[in-house]
Amino acid sequence: MRLATAMLMVLGLGACASLPQQTTVPVVTPTTSPSLAAVAPAEAPAAVTADQLLAAGKDLAAAKAYIKAAASTQGDVQLQYLLDAARASLSGQKPQDAVLLADEVLRLQHDPKLRGEALWIRAQGLMDQGQTPKARGNLEELLTLSSTPQNIRAEALGILATLYTQEGHDLTALNFLIQRDNLLSQGSARDENHRRIRVLLDGQSAAKLQNWQSRTASPLVQEWIALALIAHNTPDPQQREQAIAAWMAAHPNHPAIQFSENAPAAATATSAQGDVCALLPATGPYAPLSQAIAAGLDTSARLTGGPPVRVYQSTGNSEYTATLFQRGVKAGCAVFVGPWLRQDINAVVGVRRPRDPPILTLGLDPDLHQPGLYQFSQSRNAASAQIAQQGYAAGYRQVYLLYPQDSSGAAIQAAFLADWKGLGGRVAGVAAYTPGQDPLATVQQLLSGTIAAHSFVFLVADASIAGQAVPEIHQIKRDLAVFSPSLLRASGLPSDAPALDGLASVDMPWIIDPARSWPQAAALLHTRLPNADDAQWRMAAFGLDAYRLAMQILRHQTDQALQGTTGELHFGANGIIDRDMQWMQFQQGQIVPRAHAPRPGS
C-alpha cells in the first residue's frame, strides 16, 4: 500500500483516493523561493470547510478536511493542503499524524519554501513525541534554507541551543544563541535571549571561557566571552560596572547588550533562591497553553505578594525535563509547579530525592505516590465525573449524550459514561455532531423517541454550538435538563446568552464571568493575554490556582481548602488535589450560581 493511502487511513480517511504520486527529485540548498502567487486555482470545496473548522477550533476535523482537499488536487497546491493538515494535526495534539503528513510533503517534488515548512512542522511533531535527535536534524537543515523566514529561523536556533545544552555542548549552544540574537528585535524576546546567554556563560569557569575564546572564530562570540570574563574576574560590583562600561565604550560598533550593571552576573542569572519554579512544555501546541499558565502563575504572585516565578521550558524530551528539575533544585527553587505531561511527571519523580523541594504537578498519574508530591489535574474529565456523580445524587437516572465527533469530545463523553454507568445510570441515547456544523438534525435524531422522566442531556459543546443546540432541545421538551462539562468564553457572556437559558454547567464559571471570584486577576490577565482564546483563558485560571496551592504547600497548610478560580480545591488522599466545581445556570441571559446540581423538575 502506498504511503499516501496508509497516511489517510491513520487519520480515518482510508476511503479517500490516494494522492497523485510524483517523481522524487534530489533537493539541494535553494537560492530562490518560487512564489505560489502566480498560480491561483479555485480553492477546493473541502479546503473551504477545513478553513471554517480551523477557525472554530476544530483542529482534527480541519486536518481531515484538508487531506480530502489534497486528494482532489495536484502539484504545489496539493502539498500546501497537506501542510495545512499537518499544522492542524499539531494544534490538535496529534504530533504523530503531523509527522506523517510532513513526511509525505518531503517525499514528493515541491518548491524549496514548502520543504522548509515541512521540516519545521516535522521538527515540532518529533519534539512533541520526545524524538529530539531526529528533530535536531530537521532544524539544522531548516537553517540551511534561504527561504526560512527570520522568525522561524530565530525559533529554530533557540530550540537547537536548548538541545545542545542538554547534550553538554555548551559552546555550540552559545553560538546558536548569539546567531539568534541578531534576528531578534529589541524587546522582551531579545532580553530573554540575553538572559539565556548570561546563564550559559555564568555556568562556566574562567579557564573554560578562555579556552572557548581561543577556539571560536566569531567576533561576536569572543566579545560575549570577554564580557563574561570581566564578570568572573571582577568580584567587586562597583569595579565590575566600571570595567563593563569601559569595555562597551571601547567597542562602539558592538550591538547593544542589556548587561546588568546592578548585580553580580552569576547571582541574577542562575539563582532561583526561594522562587516558585515552573516546568512547562514550550513546543508545538503546548506553547500557547504554557504561556497562559505562566501568566496565571505570575499574576497570582503579583497580587498575593509572594515569591517570584521562574519558568523552565522543556522540549518534549522527558530526560531533559528531569535535568531541568535538577538544575532548579541546585539553583534554590522552593517549590515546583509542573511538569504537565505524564512522561515528564514520571521522569521528574524518578530523579527526585526525599530532601528535594515539593512538586505540584499539572497532570495526574494516580499510581504515583511520594512524600512532597502533589497532583493538580487540569483535565476536563473531572467536570464530567462531577456531573455524573452529582446528577445521579440529584435523582437523575437516564442520560442522552450529545458530543462533537472529534478526539476531545469522544474522550470527555467516554469519561462521563464510565462514571455514570458505574453509578448504575442508564443511557437513553448517544449522538455525535460534526464540529463546526449546525447540530439541529443530530438533536432531533437523539430525542426522536419518548423521553423518560428523570432524564437529562449531557452536552459537550462550546458556547456557539450550545447556543444552537439548547433551544432545539427545549423545543422538543421544555423541561429537559441540559448539563455541560465546560462552556468557555474568554471575556464576557456570549452574544447568544439568552439562547442558553436552562443550561447548567460546571468547570469554571470564572471563565465566563471572572468578576465573581477574582476581578483583579481577570483585569491583570487581560493585559498579559489580550488575545487569549478560550483554552488559554482556562489554563491561565489553573496558573492562578496552582500558585496559591504551591504557597499552601510551602506553609504546610494542606489541611485547608482553597476557594480558587477553578473551583473549591482540597488536598485529598496521596496529595491529589480534589476540585469541586461550582454549578451555574443561564437564566434570561444571566449567570445564576447554584450550590449543587439542579434536581429533576426544579
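Trainee: How many aromatic pairs does the count come to?

Mentor: The count comes to 14 aromatic pairs, where rings of Phe, Tyr and Trp (its six-membered ring) pair if their centres lie within 6.5 Å. Bear in mind that this is a predicted model, where local features need pLDDT of at least 70, side-chain atom pairs count only at pLDDT 80 or more, and totals for chains, interfaces and linings use all residues. Residues are numbered from 1 along each chain as its sequence is written, and side-chain values use heavy atoms, with hydrogens and water left out.

Trainee: Why is the pair of F483 and W583 called edge-to-face?

Mentor: Planes under 30 degrees apart count as stacked, over 60 as edge-to-face and the rest as tilted. The planes of F483 and W583 are at 75°, with ring centres 5.1 Å apart, so the pair is edge-to-face. F483 lies in strand β9 and W583 in strand β14, so the pair ties together parts that are 100 residues apart in sequence; strands are DSSP runs (E, at least two residues), numbered from the N terminus.

Trainee: What makes F483 count as buried?

Mentor: Buried means under 20% relative accessible area, exposed over 50%, partly exposed in between (1.4 Å probe, protein chains only). F483 has 1%, so F483 is buried. W583 is also buried, at 1%.

Trainee: And why does G567 count as buried?

Mentor: G567 has 12% relative accessibility, so G567 counts as buried. This residue lies in strand β12.

Key
Helices (H or I, at least four residues) and strands (E, at least two) are DSSP runs, numbered from the N terminus.
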